[in-house]
Amino acid sequence: MPPRILELLENGVVLGDGGYLLELERRGYVDSGSRREKVGTGRGSGQFTPEVAIEHPEALRLLHQEFFNAGSGVLQALTFFATREKLNRAGYGAQTEVINQAAVRLAREAADDRALVAGSVSRTQLFEREGPSAASHARDLFAEQIRLLRDAGVDFLILETFFRLDEMLLALDCAAKSGLLAVATMSFRPLITQCSDGHTPAECARAMADAGAIAVGANCEQEPERMLPLLRQMRESVKVPIAAQPAAFRTTAECHSFTRMPQFPDELETIQVSRKAFTAFGRIAKTEGIRYVGGCCGCNAAYVRALADGLAEAK
Ligand SMILES: [Zn+2]
């Protein structure tokens, strides 16, 4: 068995994987929702759910294999947006158990004892629609999904793409009660200066570390160059390792989040960032002490390989 995640974080830079849902959408297996409704509002529409794990397992297995071949030391099970409530709205609520179980099994098969398998847990979208009164419902949903992931045998959790710190802290509490270790990364939008409920990156980092996260950081929404300043603020405010999984789409000085750009989701090809930006990011991350690096939306295996090149160059 490979060293557990804590040992990996202590011994060097952990190379994660890339983004699953957007890549599988490009390959024709995931619904972006763009034909039904205005996506990108953050208010909880039905797009980008992970039923591909049961409908086209061969496509998900292949993408895991590609990331593994590119050097990923952690494969994330595609359990993003797989809480029962989100799946309900996409018409897959009754398959909540089998989708979570199948996603973990597929990642485990590709990892083949040579990479770790992380369970991905993200925001419920209830806070966006209902406000903070959704807290107790959200907590129940996190507790259920984390129990499913633990029972399916994940090595640890990655709590990712949370817009609000209060919701992230609920998920971290559920993770702690489950006994699973958790890496916790927020997504900042529309600007990198604060999350949706008004906390700076430094405040988020401290709160997540205090809540028991083994590494804290950011994922999605920004390209590496745009994300770096917020990662540096986080690094200066905590002792735990910093984790970063940026997106591969170009944002602007006025809008720091690609899901708020007019090109989302049907013209993302026109704002794709080159993989060389990820080679540079790998180099900088290693030099600056970022301990977990991967890619999020827009990153296929070529981007993971580019990150690996950057990490190697920084030796
Ligand atoms: Zn993403």
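## Where the cis prolines sit

Where is the place of P265? Look in the loop between strand 7 (242-245) and helix 12 (276-288). Helices here are DSSP runs of H or I with at least four residues, strands are DSSP runs of E with at least two, and both are numbered from the N terminus. P265 is joined to F264 by a cis peptide bond, with omega at about 0 degrees.

P190 has a cis bond too: the peptide bond from R189 to P190 has an omega near 0 degrees. You'll find P190 in the loop between strand 5 (182-186) and helix 10 (201-210).

## How to read this model

This is a predicted model, where local features need pLDDT of at least 70 and side-chain atom pairs count only at pLDDT 80 or more, while totals for chains, interfaces and linings use all residues. Residues are numbered from 1 along each chain as its sequence is written, and side-chain values use heavy atoms, leaving out hydrogens and water.

Q125 is not a glycine, yet its phi is positive, at about 75 degrees. Q125 belongs to the loop between strand 3 (116-121) and helix 7 (126-130). With 2% relative accessibility, Q125 counts as buried (under 20% relative accessible area; exposed is over 50%, and partly exposed is in between, using a 1.4 Å probe and protein chains only).

T161 isn't a glycine either, and its phi is positive at about 60 degrees. T161 is found in strand 4 (residues 156-162). At 5% relative accessibility, T161 counts as buried.
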